[in-house]
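Hi,

Here is the model we talked about handing over. Have a look at it first, and then read on for what turned up.

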There are 2 protein chains.
Amino acid sequence: MKSSCLQENLNKAVSIVSRIVSTRGTLEILSHILLATDNGRLNLSATNLEIGINYKIGAKVEKEGSLTIPARLFSELISQLPEGKLDLEIKDETLMTKTGHYESQIKGLSAEDFPLIPKIKEKKLATINSSELKEAINLVSFASAPDESRPVLAGIYFKIIKGKIILVATDSYRLAEKVIKNKDVNLEKDAIIPARSLMELARILEDPEENVNIYLDDTQVMFETNDFEFTSRLVEGKFPDYKQIIPSDYETRATLLKSEFTKIIKVVSLFSRESAGSITINIKQKGEVEAISSGSQYGESNAFCEARVEGKDVEIVFNSKYILDVLNNISDGDINLSVSGKLNPGVITKDSDKDYIYVIMPLRA
Amino acid sequence: MKSSCLQENLNKAVSIVSRIVSTRGTLEILSHILLATDNGRLNLSATNLEIGINYKIGAKVEKEGSLTIPARLFSELISQLPEGKLDLEIKDETLMTKTGHYESQIKGLSAEDFPLIPKIKEKKLATINSSELKEAINLVSFASAPDESRPVLAGIYFKIIKGKIILVATDSYRLAEKVIKNKDVNLEKDAIIPARSLMELARILEDPEENVNIYLDDTQVMFETNDFEFTSRLVEGKFPDYKQIIPSDYETRATLLKSEFTKIIKVVSLFSRESAGSITINIKQKGEVEAISSGSQYGESNAFCEARVEGKDVEIVFNSKYILDVLNNISDGDINLSVSGKLNPGVITKDSDKDYIYVIMPLRA
């Protein structure tokens, strides 16, 4: 292989692709990136056997070829090289890089031994704006279970029905649902995608005006843009019938500034560490939302902010982490906190986004 | 105690003082900050038994008093509170804070149990500009030994002679010396101060126009500004007679841009991890400095930059970490690399700072 490209393009591609590489694998080749010429471009591939990525950059190709290279050394090297034209050449199992006053040789492994990233044969399911997809992932993924002990809950439910793409995540203590309206969608399909995979995808999606094509088969999903194909395995199993836990009504609703609510929860939760983050929320008809820490050996704290309140006074106990998680991810402005007594789930919504809902189970006081 | 102050002043003081607090102590009170009224100001104190600090802020004091408070909770709380006036009140062993919509109570421990930070009775030794002191600490401290197995080398030699304050650090593989000229100094004194203490002091020194008064006795040193007193224990022992290892002459000198030299060393050192960072430096009469990695299972690398060279060609092996350490700390512009054959120490200096010298022992090729 003999080729040249711009350092800045290769650096971007390597930094994205090398994130997918296994860091604690037993198979050496999984810590490598596959570098290959591909129809006048350079293709970089990596896989950790759950996610696979192909990322393409413009290049001048003089001679075709491919090799796998240790991801960490390669990404560190490329990031340190100066901007501008970079010559790449593969001889035997060594990649030579040359630019200006810098010459390096990295020993690789044969491209033949690199695991294939499987292709999806189904036809395209939907096309979605990358910034809408990124936002939806960020609005739900934090509500998924962090560990793999219940794989279904460590996934994001991805459902396509006429005119809509719906993303849902729940760890059984709280639930987030985001609907993306999409006129072109007709098929009805669903799948559970590992939250880790979608969070990784959200990090890569950056061009707000880009289209993302979605492909799905029984075991895999692929997100495709002009620059990359991102493939993830699916989670087997059945997602909980979540619709039933979303309250359809409320007895008390407080409307308050997200920034103010965040501040009082942050202060009061400092005193709730010993009680697993539990704090009491008082919604008061007179126009206040108050947060009170549970008793602690270190002390106690209470704070309030102004709110527009409909309905009767209520006192309810939540895990402050679950409140802060959603506040840290939704946009600024007014939010609604809706509650029906101390035993039923609370709901956080935004008037400015009717397609998003966040449900939190209360704790027993 | 009853007092009020500005959140922004208290927050700055707490964030500085809480850095000194022991994080893994056995004595609970060492994880606390002492808060006390002091002549119409508030004084915050912390100590880890090696360093002690008193930091004072302006306050309105209605009633005197003192208490120790858990440093972590207190600093997190104060940092989350809104800017502006903050009321503080101590009742029994509880500190109450109140500002706007926020009220908290932190349980503390009696101030009587807090370890005294010893006073120095000697008279003032020197007064030095804070930015000069900070720069000098940063120019030498990285050359000290990182662990305490040889306490003398984990310290910075601090020597005062007529007209000069000299700071020196060495881990026996490299050495850094910085001289601060100071007309007012007359006494001759020296001490070894833990490098960790001086690095902590450098972080706190921020106002470039501030005066720092220095006090020294047989076991302690104190740095005093308008805002704080920073006390550190001294290291017992004798600092090595370092003057003899500073070469007085050179056979080859290369003058080159720090930024260019840094880049080539960074790239080449990526390939030298298995050989403990060793890289070969070739200084060439024709006007080049070349860096070459030692052989590695992952590959090899070489790079060069242009230089003005006096004297004959030389090839010498250094630990790249020791070169990068000094390059990361000295200012931009031209540097001199002076060498006398492959077996003698190399020297890095700057024409723009005749009062600084960095010496590196070569490795055997």
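To start with the sheet: what is the strand order in the open sheet of nine strands? Keep in mind that this is a predicted model. The order runs β23(A)-β19(A)-β20(A)-β21(A)-β9(B)-β8(B)-β7(B)-β1(B)-β5(B), and the pairing is antiparallel. At the edges sit β23 (314-319) of chain A and β5 (60-63) of chain B, each of which pairs on one side only. From one strand to the next, the twist averages 20 degrees.

Within the chain B part, β7 (residues 85-91) and β8 (residues 94-99) run antiparallel and are joined by five bridges. If you want a pair to click on, Asp87(B) has Lys98(B) in β8(B) as its bridge partner. Helix α1 (residues 7-17) of chain B packs on this sheet, where it touches β1 (2-6), β7 and β8 of chain B. The helix direction makes about 90 degrees with that of β1(B).

Now the contact between the chains. Chain A puts in 29 residues and chain B 28. On the chain A side, α2 (71-80), β9 (102-107), α5 (258-269) and β21 (299-306) each give two or more residues, and β21(A) gives the most, with seven. By class, that side has 14 nonpolar, nine polar and six charged residues.

There is also strand pairing between β9(A) and β21 (residues 299-306) of chain B: they run antiparallel, with five bridges. There, Glu103(A) has Asn302(B) as its bridge partner.

Last, the domains: chain A is assigned domain 1 (2-113), domain 2 (126-243) and domain 3 (247-360). The C-alpha centres of domain 1 and domain 3 of chain A are 49 Å apart.

Cheers

Technical notes: Residues numbered from 1 in each chain as written. Chains lettered and ligands numbered in written order. Predicted model: local features only at pLDDT ≥ 70, side-chain atom pairs only at ≥ 80, totals over all residues. Domains from an automatic or database assignment. Pairing = 2+ DSSP bridges. Helix = DSSP H or I, 4+ residues; strand = E, 2+ residues; numbered from the N terminus. Axes fitted to C-alpha atoms, helices over the stretch in contact; angles between N-to-C directions. Contact = placed C-beta atoms within 7 Å. Nonpolar A, V, L, I, M, F, W, Y, C, P; charged D, E, K, R; others polar.
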